[in-house]
Amino acid sequence: MDSKESILKKEGRKFPGATYSEVVLAPAYEHAKQTLLEPMLAVHKAHLIMLVEQGLLEVNEAYQILAGIYALDKEALLQSTYDGQYEDLFFLVESQIMNVAGEMGGSLHLARSRNDMGVAMYRMVLRDKILLAIEALLSFQETLLRVIDTYKETIVLGHTHTQQAQPMTFSHYLLGIYDVVDRDLKRLKAAYETCNASPLGAAALTTTGFPIDRKRIAELLGFPKIIKSAYDSIGGADYLGEIATVIQLTFINLGRFSQDLLLWSSQEFSAIRVADPYVQTSSIMPQKRNPVSLEHIRALSSSGIGNAQTVLQMLHNTPFGDINDTEDDLQPYLWKGLHLIDQVFRLTKVVVGTIDVNEALLKRRAQESFATITELADTLFREANIPFRTSHSIASQVVKIALARGLNATHVTSLLVDEAAKAVVGVSLNLPEEVIRKAMDPEHFVKIRSLPGGPAPEEMQRAIVEREASLHHQISLLHTEVNRITVCMEKLDKLTSHWGKKDEDDINTGH
């Protein structure tokens with residue numbers, strides 16, 4: 001058993017201990033240098049601009065600090081490894097700035113804390129990744145609408161409780177998926193709205209005694225608003241939980257879709273065929289066409305759910321305040337979850353965009369199925385002027401007689417309906433053969449269901465046009481927001497281009 005002395009001999013007698021470095025600080029440093037360096041530098045520049053505008057630093061003092069920021073060798077930082085000399089990336093960067101700016105470089109941290117600064121960087125990274133996820137969903141919707149338009153007259157069987165229910169079209173199913181994704185987008189946008197707020201100026205948790213301008217620094221960094229409460233700025237973590245919840249639900253929805261596609265691509269269903277670029281063969285069975293792309297979509301969706309659940313578990317029962325549980329160890333799970341949304345929806349887009357549907361087989365199945373029997377019951381109500389529950393009983397009896405005799409739906413005739421009617425109400429209905437045949441036709445079934453949300457081709461066309469207009473609007477809003485943030489980041493350099501004696505080109509290129 002290791003004694004206290006032997007442990008300290010191995011670990012070292014000052015911060016950070018060797019194992020703490022290995023388990024916590026080194027991994028956090030790796031994530032930070034790859035993901036947080038650019039947001040950190042943007043926060044530095046914005047804070048510096050605000051300090052000058054508020055008269056807390058002179059321009060010549062700020063220029064010294066700015067020179068230190070521009071002197072940073074970002075490539076060297078990206079290639080560096082954690083050596084324990086500095087606690088984290090922030091202190092390493094601060095040290096390198098001060099190597100150039102001198103003691104004045106320390107004034108960059110005036111009126112702020114690593115608390116509000118860290119949350120700001122997390123929010124900046126997360127908003128960028130949410131925008132990428134939104135872009136992936138919108139791109140998927142574009143492709144999905146094209147597929148919906150292709151198959152808006154393709155008759156298939158709809159299922160409830162996994163059993164044949166009623167005829168519909170393949171597009172009717174896909175439009176349901178489209179609208180689910182639309183709600184995923186709505187939730188992502190709501191999470192983005194919550195995330196895209198500035199904590200800067202909260203400092204450690206109580207703001208500062210210096211007359212800084214919280215709204216100005218938010219504006220400089222592209223945040224449309226500040227988090228009103230300074231304590232909430234550093235203690236609130238529900239913005240993380242909201243993103244995690246959206247990730248979970250988005251992947252749950254996608255997983256259900258991929259499960260259906262996997263089932264329908266089986267030889268027993270033979271409903272769809274996944275394109276060759278997205279299938280694999282067996283190492284031993286030459287006939288196999290394994291739709292592995294769909295399996296990966298399903299598996300990666302489960303992985304995304306797991307990442308998001310980890311975030312929620314890490315938040316559970318933590319104190320309401322600044323705490324490491326919500327910081328370096330947690331953030332990568334959200335980054336990965338949002339990155340997975342981008343990856344998996346891009347994969348789903350190309351797989352769904354290239355599938356072939358076995359239209360003839362699916363139509364034949366619908367014709368032979370008793371899924372149209374609902375319309376027969378409706379027809380008996382209309383044509384024979386009998387109560388619906390009675391017509392329902394007669395239609396049910398038709399199915400029982402047909403199944404007992406090994407008949408399918410195409411064999412239902414007026415005589416069979418009369419036989420069923422006699423068994424239920426004691427008299428024949430004597431309806432024309434054409435009326436019964438029409439009632440049992442799946443194409444007729446679909447065509448007359450033209451209410452809003454129905455599968456009729458004319459209604460489907462209306463729905464496609466409606467959603468295309470909304471989709472184009474959403475894409476335009478996304479591009480506007482991405483451009484707005486880009487302009488804010490570029491403006492940081494322009495606002496400081498007149499500082500010092502160096503010309504604009506020197507400053508903007510970092511020389």
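The structure is a predicted model, in which local features need pLDDT of at least 70 and side-chain atom pairs count only at pLDDT 80 or more, while totals for chains, interfaces and linings use all residues. Residues are numbered from 1 along each chain as its sequence is written, and side-chain values use heavy atoms, with hydrogens and water left out. Helices (DSSP runs of H or I, at least four residues) and strands (runs of E, at least two) are numbered from the N terminus.

F15 and P16 are joined by a cis peptide bond, with omega at about 0 degrees. P16 sits in the loop between helix 1 (4-11) and helix 2. Helix 2 covers residues 18-35, and its 18 residues should span 26 Å at 1.5 Å a residue; the end C-alpha atoms are 24 Å apart, which agrees. The expected span here is 1.5 Å times one less than the number of residues. Helix 2 also has a kink of about 35 degrees at L25, shortly before the proline P27. The bend at a residue is the angle between axes fitted to the seven residues ending there and the seven starting there. L25 is itself buried, as are S21, A28, Y29, A32 and K33 of helix 2. Buried means under 20% relative accessible area, exposed means over 50%, and partly exposed is in between, for a 1.4 Å probe and protein chains only.

Two pairs of helices show how such elements can pass each other. Helix 7 (residues 114-150) and helix 20 (residues 457-495) have axes that come within 10 Å and cross at roughly 155 degrees. This makes helix 7 roughly antiparallel to helix 20. The axes are lines fitted to C-alpha atoms over the stretch in contact, and angles run from 0 to 180 degrees between N-to-C directions; roughly antiparallel applies to angles over 145 degrees. The crossing of helix 7 and helix 20 is left-handed, a term for a near helix turned anticlockwise from the far one by less than a right angle. In their contact there are 14 nonpolar, three polar and eight charged residues. Nonpolar covers Ala, Val, Leu, Ile, Met, Phe, Trp, Tyr, Cys and Pro; charged covers Asp, Glu, Lys and Arg; the others, Gly among them, are polar.

The second pair is helix 11 (residues 238-264) and helix 12 (residues 292-315), whose axes come within 8 Å and cross at roughly 160 degrees. Helix 11 and helix 12 are therefore also roughly antiparallel to each other, and their crossing is left-handed. Their contact has 16 nonpolar, nine polar and two charged residues.

V119, in helix 7, is buried at a relative accessible area of 8%. V119 and S198 are 79 residues apart in sequence, with their C-alpha atoms 8.4 Å apart. F345, in helix 13 (residues 331-352), is buried at 1%. F345 and L137 are 208 residues apart in sequence, and their C-alpha atoms are 6.3 Å apart.

Two loop residues close the tour. S270 lies in the loop between helix 11 and strand 3 (272-273), has a positive phi near 50 degrees without being a glycine, and is partly exposed at 26% relative accessibility. N317, in the loop between helix 12 and helix 13, has a positive phi of about 60 degrees, although N317 is not a glycine. N317 is exposed, with a relative accessible area of 70%.

Methods. Parallel < 35°, antiparallel > 145°, perpendicular 65-115°, else oblique.
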